[in-house]
Amino acid sequence: MPDRAAIRDEAHRIRRVFEAQGAEPFEAEILQPADTLLDLYGEDIRARAYVTADPLRGEQMLRPDFTVSVVQAHMESGRTEARYAYSGLIFRQQDEHPERPTEYFQTGLEIFGGDPAEADAEVFATIAAELSDLPVRAVTGDIGVLIAAVEGLETTAIRKAALRRHLWRPERFKALLARYAAPAGLDGLRGGLLARVKAGADVLAEAGPEIGLRSGGEVLARLERLAADAEEPPIPAEQVALVDRILRLRGAAWAMAAPLREMSGVIPSLSAAAARMEARLAALESRGIDLDALEFEGSFGRTSLEYYDGFVFGFLVDGQRPDNWPPLASGGRYDAMTRVLGNGRAAPAVGGVIRPEQVLKLREAQC
Amino acid sequence: MLKLGVPSKGRLMEQTFDWFADRGIHLARTGSDREYAGSVTGVDGVELVLLSAGEIPRELAAGRIHLGVTGSDLVREKLARWQDRVESLSLMGFGHADLILAVPKFWLDVETLSDLDAAAAAFRAEHGHRLRIATKYHRMVRDYLRQHGVADYQLVDSQGATEGTVKNGTAEAIADITSTGETLRANHLKILGEAPIHASQANLFRSLSAAWGTAEQASLGQITDRLAAA
């Protein structure tokens, strides 16, 4: 087990490598206002981040990552293109995994702006170069493919928005997709109620007093949406089958654009996703990445409390499954988060982190 | 000495005493009414520790008591990874209470967790903040909602009169313990879903971290023999 000073030195050494390639050093406060993180991640973040209270500033959290701080600082700066490097401790509660460390070093690189394919390739290649002496393999994925598939479904904007909202919650996503694939009709337990709503009956009259902030108007509006939705034709079965096929895609990354091109016959928006993938692969190859050794998994990066919406990657020790913890390094594209934190502005953004402690451990095991 | 922690007052204490008495183990408070001291007869080497029911999970986890009587809800709420820290020796058949989610009765569009999730998304878009759920059972409710893929909510702490929070405008929904549902109905709330988040009752728990020496193991053997005979 490497000692803490050695881990810290390695974390800073890697950061200086990133800086030497043009990244600005970035520092984040350890105590972060809880509301930003809660707003972004929801209540689930409380199970992952340490929460503490300040009598004047209110609820604070010990930083669970650097990315949120980097994005906030960048969006406030008003700049378009920039790249940042950081290294330091992050803090994570491990209620369910007592064997995992609750504080550990991360060294990261984040690139804002520029050509997305080039930026994806640069982050990946920079991290890969730091791990080149180790027995690791890289797994990649692309949440953008799934998003493109959802956008291309023959269905209403409301249904697409609901599916997009649950992209990172596989069970809920699956249940929603199954519901939207079922035949239309005002049957089932709720059919009677929705039929009365549709006929314009005052269903709320005998429903009980309106209490709380959510108004009767909001209840009625949702009932009307449900009634309208119940009559929507189902999403075509062949499209649903394709979404399933995308999630089960596995193989060499270079071989994935072709099936997407083929699938674009059924979901046309996939051809743009395939083009983005091809541009990224070309950029990776021109940076010397061996595409034959690069794996792709259609569902990689789809876990809750994540925010990736495009290219995703993880570096694993040989023999380690993608869902095994911890990855040596991981990262991805998160354009959507810049919009959430950007007060109306957005920027293309991609980044990744290395865990120096894992790197040193593996290097020691090599000797 | 095997330390047995039981609730120090009220109906829960009386029911605990009765339950053990039915199994030939007699617990009693000693000294004055106000003194928290007790005696155990019927088994050897057992010391009675009178505690607030809410503190019993913590004392079990710390290994300061060997056995303890408390609600399964309190153990799940207060102990992360409770299965690694305590073991239930027996369900005791009293102290029944369900942890449930409830929403205003007039929310005709919300019957399931899937509805709650969709309503929360619309609520957030309309009001600019997450749908608030008042509760004191933060861990259980959060775990439950995560398992069921509900998003766009936030928990607000409520240590009492939780059923009133919706009317008072401090929450849109609640998660609380109920036995009959009467208070919910009186406050114009309805229970969501078919099964409760957790159906709680009093359990006799064994600490997995207490020092189990020969004497304590012998006393435990006597107690479990009595439980098996009942």
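Chain B of this predicted model is divided, by an automatic or database domain assignment, into domain 1 (2–95 + 201–229) and domain 2 (97–198). The centres of these two domains of chain B, taken over C-alpha atoms, are separated by 33 Å. Contact between them, where two residues are in contact if their C-beta atoms, placed from the backbone, lie within 7 Å, takes 4 residues from domain 1 and 7 residues from domain 2 of chain B. On the side of domain 1 of chain B that touches domain 2, there are no nonpolar residues, 1 polar residue and 3 charged residues; in this classification Ala, Val, Leu, Ile, Met, Phe, Trp, Tyr, Cys and Pro count as nonpolar, Asp, Glu, Lys and Arg as charged, and the others, Gly among them, as polar.

Residues are numbered from 1 along each chain as its sequence is written, with chains lettered from A and ligands numbered from 1 in the order in which they are written. Since the model is predicted, local features need pLDDT of at least 70 and side-chain atom pairs count only at pLDDT 80 or more, whereas totals for chains, interfaces and linings use all residues.

For chain A, the assignment gives domain 1 (1–116 + 346–356), domain 2 (135–183 + 236–327) and domain 3 (185–231). The centres of domain 2 and domain 3 of chain A, again over C-alpha atoms, lie 36 Å apart.

The contact between the chains takes 31 residues from chain A and 27 residues from chain B. On the side of chain A that touches chain B, the elements giving two or more residues are helix H7 (170–181) and helix H9 (216–230) of chain A, where helices (H or I, at least four residues) and strands (E, at least two) are DSSP runs numbered from the N terminus. H9(A) gives the most to this side, with 6 residues, and the side as a whole has 13 nonpolar, 5 polar and 13 charged residues.

Leaving aside neighbours within four places in sequence, Leu260(A) is in contact with Val145(A), Leu270(A), Ala273(A), Ala274(A) and Met277(A).

Gln106(A), found in strand S6 (residues 103–112) of chain A, is buried, with 23 other C-beta atoms within 10 Å; a residue is buried if 20 or more other C-beta atoms, placed from the backbone, lie within 10 Å of its own, exposed if 12 or fewer, and partly exposed in between. Not counting residues up to four places away in sequence, Gln106(A) touches Phe66(A), Ser87(A), Ile90(A), Val353(A) and Arg355(A). Tyr307(A), in the loop between strand S9 (295–297) and strand S10 (311–317) of chain A, is buried, with 21 other C-beta atoms within 10 Å.
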